Every structure is written in C-alpha cells, then in structure tokens.
Amino acid sequence: VETVVNEKSNSYKRNTYADNAAMSRYKKEKFAGNCTAQDEYTGKTVKIHSDNEFDIANTDHIKPLKQGFEEVKYNYFVSDEQLKQALNDASNFAITNGSLNKSKRDKTNQSYIEHNSDLDELTKQKMQDLEKEANREFDRKMQKATVSTATELAKNGALCAVKSSAGKSAVKSAIQIAEGEKEIDEAITDIVCNSLKAGVDGACS
C-alpha cells in the first residue's frame with residue numbers, strides 16, 4: 001500500500017477551511033431555542049434576529065482561519081481536512097455581536113485588543129482567556145494529527161512513495177518521531193527548514 005505525506009494547499013483560501021454548518025450548529029446550541037444569548041466576549045446580551053446586522057449574534061473563530069493555516073502550512077503531517085476540523089471545533093468558537101466579529105476579521109483576539117483601546121477590561125479578559133484555551137486545544141489537536149500521520153507513514157515505509165525532497169524530509173522525520181528519536185516540534189522545524197531551503201536565506205538560522 002502506498003502511503004504519501006498529506007497534501008496541503010499552497011496558499012490560504014478561506015473556503016477551504018470555513019465550515020458554515022459547524023458554525024450554525026454552535027450558534028443554535030448556544031441559543032438553545034431562545035431569542036437571546038450571552039456574548040462570550042462582552043458578557044452582554046445578543047439576539048438571534050435583529051433589523052440591525054451589527055446586533056445579530058455571530059459565531060467567531062477565536063483562532064482565525066488564516067492564522068491556523070499559517071501555523072501549520074509547512075507541517076506535512078496535517079491535512080487540510082484535519083486543519084479544518086480543528087479550526088471549526090467548538091473549542092475555537094465564540095458567540096459575539098456582529099459589530100465586533102466584522103471588525104475583528106482575521107485578527108487574533110490579542111491583536112484586536114491592541115487595536116481597540118476603548119474595550120472594557122471585562123471584554124479584554126474574556127477574549128484573552130478564550131484565546132488561551134482555544135490555542136491550547138488547537139495545538140493539542142495538531143500534535144495528535146502529526147503523531148498519527150507520522151506513525152502511519154513509518155509503519156508503511158512510505159519513503160519510497162514520496163518524490164519531493166520536502167516530502168522525503170517529512171517522512172524521515174515521521175520515522176524519527178515514531179521511533180522516539182525526535183520530538184514533534186523539532187521534526188516540524190526540520191521540515192519547515194527543508195521546505196524553505198530554496199527560498200528565504202537564513203530562515204533556519
């Protein structure tokens with residue numbers, strides 16, 4: 001059986017990682033049949049329906065989709081589908097008002113706070129706490145996906161099925177992870193460096 005390193009998108013496309021169905025399910029669960037719910041950032045009341053689109057509750061990705069992509073785009077052990085699932089897990093969602101969600105766009109919570117000095121302390125704290133939890137869970141899921149793929153590649157001796165130098169580097173690292181010769185972070189760093197070798201000088205220094 002031929003096993004190859006997970007295919008990854010070369011550039012970020014929101015539609016590849018957005019999951020509107022998962023976002024809708026989360027919103028529905030938070031409202032639980034009611035017309036109002038609590039904004040998980042501000043603590044205020046938000047509506048499920050409103051004439052003003054900025055008052056309507058939105059489901060926000062705590063870790064932005066684009067940031068998630070950038071963090072693992074050179075990790076060949078993580079597929080686009082695994083990344084999509086992690087980014088659209090309930091642990092990365094927060095119900096907030098349309099105004100905040102639309103102004104936040106692709107910013108992290110911390111970056112949004114730094115660009116909005118008028119936010120009250122409660123909102124800042126809630127946004128920071130939720131971001132910390134979401135990042136921790138995202139990292140856990142990415143490590144789990146990495147180990148799973150690395151182990152599978154090592155079992156199947158997939159090196160012969162990979163043609164690119166970056167892919168071969170990934171499989172070698174997979175085997176080293178599976179055999180306990182490398183830590184996950186070290187292996188991913190090596191893969192990134194090999195992927196960029198022909199690009200930016202000094203990327204691995």
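Modeller: A salt bridge is a side-chain nitrogen of Lys or Arg within 4 Å of a carboxyl oxygen of Asp or Glu. This is a predicted model, in which local features need pLDDT of at least 70 and side-chain atom pairs count only at pLDDT 80 or more, while totals for chains, interfaces and linings use all residues. Residues are numbered from 1 along each chain as its sequence is written, and side-chain values use heavy atoms, with hydrogens and water left out.

Colleague: Which residue forms a salt bridge with Lys141, with the closest N and O atoms 3.5 Å apart?

Modeller: Helices (H or I, at least four residues) and strands (E, at least two) are DSSP runs, numbered from the N terminus. An α-helix has 3.6 residues a turn, so residues three or four places apart point the same way. The closest N and O atoms are 3.5 Å apart, and the partner of Lys141 is Glu137.

Colleague: How many residues apart are Asp89 and Lys141?

Modeller: Asp89 and Lys141 form a salt bridge, with 3.7 Å between the closest N and O atoms. Asp89 sits in the loop between helix H4 (80-87) and strand S4 (93-97), whereas Lys141 is in helix H7 (residues 121-156). Asp89 has a relative accessible area of 24% and Lys141 one of 22%. The pair links distant parts of the chain, and the separation is 52 residues.

Colleague: Which residues do salt bridges that share partners join into one network?

Modeller: Lys141 bridges to Asp89 and also to Glu137. Glu137 in turn bridges to Arg140. The shared partners give one network of Asp89, Glu137, Arg140 and Lys141.

Colleague: Which element gives the largest share of the lining of the second largest pocket?

Modeller: A pocket, on a 1 Å grid over the protein atoms alone, is an open set of points where a 1.4 Å probe fits, with protein on both sides within 12 Å along at least five of seven lines; lining residues have an atom within 4 Å of a point. Among the lining residues are Arg14, Asn58, His61 and Lys102. Strand S3 (57-61) and helix H5 (98-104) each supply at least two residues. The largest share, 4 residues, comes from S3.

Colleague: Which side chain makes a polar contact with the side chain of His61?

Modeller: His61 lies in strand S3 and is buried, with a relative accessible area of 6%. A polar contact is a pair of N or O atoms within 3.5 Å; within protein, one must be able to donate a hydrogen and the other to accept it, and residues adjacent in sequence count only if both atoms are side-chain atoms. The contact of His61 spans 2.9 Å, and its partner is the side chain of Asn88.

Technical notes
Buried means under 20% relative accessible area, exposed over 50%, partly exposed in between (1.4 Å probe, protein chains only).
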